[in-house]
Amino acid sequence: MRYIGIDYGSKRIGIAVSDEDGWIAFPREVIEGGDDERVFRRIGDIVKQENVGCVVVGLPIPFGGGSSKQTEDIRMFAEHLSELVQLPVELENEVLTSRMGEKEGVRKEDLDKASAALILQSYLDKKNQES
């Protein structure tokens, strides 16, 4: 099964897609934010084109646990996306993914899709370790 990973931000949304077997995440693209309808439509198009079976959305969990405004915004985004694409949406901790990308020298314009790939790869590694 193929998976899509999403690094959601109000300005930019990073997208990554896995291989067909759900082992490796590949950075795909960055969608400019601001127009939710356009964002959801583009994600829906990718889900259909790639025959995705599950969506993984990065969730920034504060170090002390709990919740923040950004965390709540992303939960609402994931819930709406689930209704739209009619697929399971999983949440994966995304703490420090952008910093990891910066540390590896990822160009600024590629950082969001690289972060999406890190989020998705983390999810896939856990899932595949369990099976």
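## A friendly tour of a predicted protein model

On the surface, Trp23, Ile24 and Phe26 come together as a nonpolar patch, with about 320 Å² of accessible area together. Keep in mind as you explore that this is a predicted model.

**The surface patch**

- Look for Trp23 in the loop between strand 2 (12-18) and strand 3 (25-32).
- Trp23 has a relative accessible area of 48%, so this residue is partly exposed, because the exposed class begins only over 50%.

**Aromatic rings**

- A pair of aromatic rings is described by the distance of the centres and the angle of the planes.
- The model has three aromatic pairs.
- In one of them, Tyr3 and Tyr123 have ring centres 5.8 Å apart and planes at 55°, so the pair is tilted.
- This pair links distant parts of the chain, since Tyr3 sits in strand 1 (residues 2-7) and Tyr123 in helix 4 (residues 111-130), 120 residues apart.
- Both Tyr3 and Tyr123 are buried.
- Phe40 and Phe77 make a stacked pair, because their ring centres are 5.2 Å apart and their planes meet at 20°.
- Phe40 belongs to helix 1 (residues 36-50) and Phe77 to helix 2 (residues 69-85), so the pair ties together parts that are 37 residues apart in sequence.
- Phe40 is buried at 9% relative accessible area, and Phe77 is buried at 5%.

**Helix 4**

- Helix 4 has 20 residues and reaches 29 Å from its first C-alpha to its last, close to the 28 Å expected.
- Its buried residues include Leu111, Ala114, Ile119, Leu120, Tyr123 and Leu124.

**Salt bridges**

- Side chains of opposite charge can pair when their charged atoms come close.
- The structure holds ten salt bridges.
- One of them joins Arg2 and Glu20, whose closest N and O atoms are 3.2 Å apart.
- Arg2 is in strand 1 and Glu20 in the loop between strand 2 and strand 3, 18 residues apart, and the pair links distant parts of the chain.
- Arg2 is buried, with a relative accessible area of 17%, whereas Glu20 is exposed at 57%.
- Asp73 and Lys69 form a salt bridge with closest N and O atoms 3.1 Å apart.
- These two are four residues apart in helix 2, so about one helical turn separates Asp73 and Lys69.
- Lys113 pairs with Asp110, with closest N and O atoms 3.6 Å apart.
- Salt bridges that share partners join Arg2, Glu20, Arg28, Glu29, Arg42 and Glu50 into one network.

Definitions and conventions:
Residues numbered from 1 in each chain as written. Predicted model: local features only at pLDDT ≥ 70, side-chain atom pairs only at ≥ 80, totals over all residues. Heavy atoms only, no water. Phe/Tyr/Trp six-rings, centres within 6.5 Å; stacked < 30°, edge-to-face > 60°. Buried < 20%, exposed > 50% of the residue type's maximum accessible area, 1.4 Å probe, protein only. Expected span 1.5 Å × (residues − 1). Patch = residues over 30% accessible without salt bridge, like charges linked within 9 Å, V, L, I, M, F, W, Y side chains within 5 Å. Areas by Shrake-Rupley, 256 points an atom, 1.4 Å probe, with all protein chains shown as cover. Salt bridge = Lys/Arg side-chain N within 4 Å of Asp/Glu carboxyl O.
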